[in-house]
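Please read the report below alongside the sequence and the three-dimensional view.

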Amino acid sequence: MSSIITPHIDNYASYTCKARHSRCDEKKPVCGNCERLNLECKPSEFIAPSTWNKSAEPTTQAQSSNDPSPLSSEAPGSTWDIFKAFASVDFASDETPPDNVFLYLNLDPPTLPAPTSPPSTALAVSLTPETAFLLQTYLRTVATWMDLMDHASTYQLSIPRLTLTSPLLFHCICAVTAKHLALANSRHNSSWDPVAREHYGQSLRLLIDELNTPSHGHALTATIILSGYEIIASIFSEHHRRHFLGLTMLIKNHNITAQSTGIDRANFWIYVRHEIGFALANEKPLMLNPEEWAVRLEYGETREDVLGNHVLWILARVINLVYGEEGTTVAVKRHREAFLRELEEWRAGLSDTFVGIPYGEADEEGFRKVYFTVTAAVAGAFWYHIIHILLYTEPTLQDVSYIPLIQDQAIAIVNISISEFPDSLRVNASHGLYYAAKHIDGIARKARLWNILNDVESQLGYHTRTQVKRLQQLVEQGA
């Protein structure tokens, strides 16, 4: 009898204890370990554990094949559990995987390109008032976050065309949207939690089947969406690093780069933004070397999404420089200066849409709102200023002559952050705001940025409280 995944809720076991490899006494609301060590006690249910049920549903075609799923005897609790099972080496359940784990993925290279349109108009899912609401809400919320730097609006236009004929993508979108609804708008709407977990569990089961197909179908898109579920309310800690590795594996396995087209291209740049967010949160280099991205910028390029993605490539290389092994050495000073020159070369080729127009009066902290005509251009300008701060200050101040320049860059970042821009920018910019708040002068100005970060979490459900806590600790330490 074949096995399937059914959602199962782990009532309390502390995720903090799991991350520390410690046994949890499951005491509520704060377990004994966290109480003794004064740690944040975080329940582990943001990734729903699963159990195998050998009789609940009929066998699927993929499950009845002669080449059974690697997970035929143990249920996955996350995308990492799935990719770990497909790896050719054994990892302990709580072990942090090595940087080059994608070399161990035991998947054959795809023999066919991933489909970009449904093979037929026949429905393959059961549409209900609840799932129809989730699909519509996805278009207004999560899809716009995904398409921040994509003028083709792939996640608003191309992906929805596939949802009714791909049960995998259908359940992925329902899962991430329900999770967003459970956490957004300053309240924890618990009625959406079990809905999110149910669709998440179904998505994991279907992802296993997809990885067993010759082309791997929509596995990459599904993993992109599921990674959004896994990080939307989580802390970008080292423990969560594993949830990006499945994406890294598929990106490498399918030879997807910045030169890919269609859905593959959109997925690549979403993956890049996930990687950058993790690297900035943990002050570590990226897992996928930016030198392997195959980025090329054509002379005379005017599309804001292309130019914005190019500055993300510069940002990724700067992160690898400042948080790499030689980041604190004098020898890399010339590399920092070279990046500053490269940034100005990038800026020199921009159109007027990248110029912010100030409006209104400056407020009591000296901040003034700015207007940009294109959201992707705002994002590009935002990261341009963040890169300067990284080059000037991280991991330590590089030169006292940079101090006034740092303030100029931080103020420019705040001016963007207080302006009226879409939620997609607010979510994607949250990790950069940490660096502006860290280095800007004045408690009142820092508090202004803390409040912006708090609003992102309370209104959109995207976790920022850890960043605010780190900033407050720096102030208390006099840093």
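## Report on the predicted model

Y371 counts as partly exposed because its relative accessibility is 45%; here buried means under 20% relative accessible area, exposed means over 50%, and partly exposed lies in between, with a 1.4 Å probe and protein chains only. This is a predicted model, in which local features need pLDDT of at least 70 and side-chain atom pairs count only at pLDDT 80 or more, while totals for chains, interfaces and linings use all residues. Residues are numbered from 1 along each chain as its sequence is written, and side-chain values use heavy atoms, with hydrogens and water left out.

Y371 is found in strand β4, residues 370-371; helices (H or I, at least four residues) and strands (E, at least two) are DSSP runs numbered from the N terminus. Together with V355, I357 and Y359, Y371 forms a nonpolar patch on the surface, and the four have about 390 Å² of accessible area together. Such patches are made of residues with over 30% relative accessible area and no salt bridge, where like charges are joined within 9 Å and nonpolar side chains (Val, Leu, Ile, Met, Phe, Trp, Tyr) within 5 Å. Accessible areas come from the Shrake-Rupley method with a 1.4 Å probe, and for residues only the protein chains shown count as cover.

**The chain as a whole**

The chain has 19 helices and four strands, and of its 479 residues 55% count as buried. Among the contacts with a separation of 6 or more, 72% are between residues 24 or more positions apart, contact meaning heavy atoms within 4.5 Å.

Helix α9 has 19 residues and reaches 27 Å from its first C-alpha to its last, close to the 27 Å expected at 1.5 Å a residue; the expected span is 1.5 Å times one less than the number of residues. Because 17 of its 19 residues are buried, α9 is largely enclosed by the rest of the structure.

N212 is found in the loop between α9 (193-211) and α10 (219-231), and it counts as partly exposed at 28% relative accessibility. The side chain of N212 reaches the backbone oxygen of I208 at 3.3 Å. The C-alpha atoms of N212 and L107 are separated by 8.3 Å, although the two residues are 105 residues apart along the chain. H216 has its place in the loop between α9 and α10, where it counts as buried at 2% relative accessibility; H216 has a positive phi of about 65° although it is not a glycine.

**Charged pairs**

Side chains of opposite charge can pair when their charged atoms come close. The structure holds 13 salt bridges, a salt bridge being a side-chain nitrogen of Lys or Arg within 4 Å of a carboxyl oxygen of Asp or Glu. The table lists some of them.

| Salt bridge | N to O distance |
|---|---|
| D193 and K179 | 3.5 Å |
| R317 and E291 | 3.9 Å |
| E394 and K438 | 3.0 Å |

D193 counts as buried at 5% relative accessibility, and K179 is buried with a relative accessible area of 6%.

E394 forms its salt bridge with K438 at 3.0 Å. E394 lies in the loop between α15 and α16 and K438 in helix α17 (residues 423-439), so the pair ties together parts that are 44 residues apart in sequence. Salt bridges that share partners join E283, E394, K438 and R470 into one network. Within that pair, E394 counts as buried at 1% relative accessibility, while K438 counts as partly exposed at 22%.

The peptide bond from E394 to P395 is cis, with omega near -5°. T393 has its place in helix α15, residues 375-393, and counts as buried at 4% relative accessibility. Leaving aside its neighbours within four places in sequence, T393 is in contact with I406 and H439.

E283 lies in the loop between α12 (262-282) and α13 (304-322) and is partly exposed, with a relative accessible area of 29%. E283 has a positive phi of about 55° although it is not a glycine.

How values were computed. A polar contact is a pair of N or O atoms within 3.5 Å; within protein, one must be able to donate a hydrogen and the other to accept it, and residues adjacent in sequence count only if both atoms are side-chain atoms.
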